[in-house]
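Dear colleague,

I am handing over the structure below, and my notes on it follow. Please read them with the model open beside you.

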Amino acid sequence: MKKKFFSLPTKYAYLYLFIPIALSIIVSTSYDNDIWFLLNQGRYVVTHGIPYIEPFTIHEGLDFVMQQHLAATIFYEAYHLLGGFGLSLVVIIINLLILFFLYKTALIMSDNRKALSVFFAIGVDILLLMNFIRTRPQIFTYLLLCILLYLLEKYQKEGKVKYLLPLPILSLLEINLHASMWFMLLLFILPYIVENTISYFQKTKKSKVKVTPLWISVLFMIVFALINPYGIDAIRYIFTSYGNEEINYLIFEMQYPDITTNAGMIVYGCILLVFLCYMFFKKPKIKIRHFCLLLGTTYLALTTYKSLAFFIIGGVFPLVAYLKEYFSPKEKPLSLREPVYRKTIILLSIITLLPIFGLSFQLTNPLEKIFDYLENYPEEIVPYTGFMEGGYSEYRGIKPYIDPRAEVFLKANNHQKDIFKEYYALQTGRLDPEEFLKRYPFTHLLVSEKDDLYPYLQSHPQNYTLVFEDKHYQLYQTNKE
């Protein structure tokens, strides 16, 4: 009998589920900077409905696709009802659902190896928690991808079309929660189509699984994706928003992983480790669908830092199916009737919930005092803000020059002006600050030392007066002529 690499009973393995649960509680208080424009957008949707012309900045007449309108509304309603704790609760609940579907999918892939499934689900979830589970629409995308993999694996195993019926609903949810990532659903289903198409033409084995229902499901997914406020514009949003040179230069998560950096070493290290596992454990043969997922998500991970999440879900996770032969299928289930395990579960539950009482769920921003000052300014304000600061300005009801929604400021999307290109030119010394300032009637300019406008404003005290300063920012007021 082949010696098993792992023999820890499931009754112990289950207890380790408390690790990602506790970590998700801690991570949930790391509110992402994007939360400010998301809260602002959600508030607008609840108050005024879906916008089609961009209403939040000083620019007029920009065509607008609020590509995460449903996610923004969920975040706003959670914050409106429960404050920062509400935002954290959304993150915790979504992560628990991700963990659940990771486990359920691992059970299918591993032929019910519960201990292996528990630990693989935990490992993948912790990787996501460390880097990607934040108050951003992407968490909904991760959940939907996990549900998609679960349904597709069930279909592969049982051949029942009922598992494909929810796919159009997933498409409908994704296009309204996070439209720019909608195509990821199609990319994750494509490997299953490839495998079943090859199997159909080879006719090497009798199988209940057919490729036609998959194609029909894809067709309905496309139809259901059109059920959104922006129609086809939401579906094609990814093609007009990504691959932009200026965005890739200024936004870290959109850059190619650099192996000389810590973040780059993590990306390449994860990829190398997975490929070494496939090389070292040579049996069984990797399934075509899992091989396609591995190659596709590896390519994505090598193009942008943010795509590492898709590699973790689609490239790392299928290792469960590949390693199952080295784990025992005979595992004693956890029984809560045994007092020692019941007491252990209760104790771990209490320990897991303890961070809630020690963490601060207060949503704060270093710009608060500056915008308290601006709100009390007696005249109309036209402020300049940098890329990262604009979202909070919008949240405070003051229209900025730009905000973190980079793709909104591309001419390909707004059909008016390449505002982000202008900002990029300013921040890289390709646009003279004086020429830039002549284009807009700014009354105030909010800058940090990293902003290329900072030295210019300091050197022109006759035109700009410093009216507020802290350790992070300086606020200048334009002197009237």
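**Notes on the model**

Helix α16 (residues 308–316) is largely enclosed by the rest of the structure, because nine of its nine residues are buried, where buried means under 20% relative accessible area, exposed over 50% and partly exposed in between, with a 1.4 Å probe and protein chains only. Helices here are DSSP runs of H or I with at least four residues, and strands are runs of E with at least two, numbered from the N terminus.

This is a predicted model, in which local features need pLDDT of at least 70 and side-chain atom pairs count only at pLDDT 80 or more, while totals for chains, interfaces and linings use all residues. Residues are numbered from 1 along each chain as its sequence is written, and side-chain values use heavy atoms, with hydrogens and water left out.

The buried residues of α16 pack against α6, α7 (138–158), α9 (183–202), α14 (262–280), α15 (288–301) and α17 (319–323), contact being heavy atoms within 4.5 Å.

One of these partners, α6 (residues 114–131), also packs with α5 (residues 84–109), at an angle of about 145 degrees and with the axes 8 Å apart; axes are lines fitted to C-alpha atoms, for helices over the stretch in contact, and angles run from 0 to 180 degrees between N-to-C directions. On the α5 side the contact includes Leu99, Leu102 and Tyr103, and on the α6 side it includes Val118, Ala121 and Ile122. The residues of this contact divide into twelve nonpolar, two polar and two charged, with Ala, Val, Leu, Ile, Met, Phe, Trp, Tyr, Cys and Pro counted as nonpolar, Asp, Glu, Lys and Arg as charged, and the others, Gly among them, as polar.

In the loop between α5 and α6 lies Asn112, whose phi is near 70 degrees, a positive value in a residue other than glycine. Asn112 counts as partly exposed, because its relative accessibility is 38%.

His415, in the loop between α21 (411–414) and α22, likewise is not a glycine and has a positive phi, of about 60 degrees. With 46% relative accessibility, His415 counts as partly exposed.

Best regards
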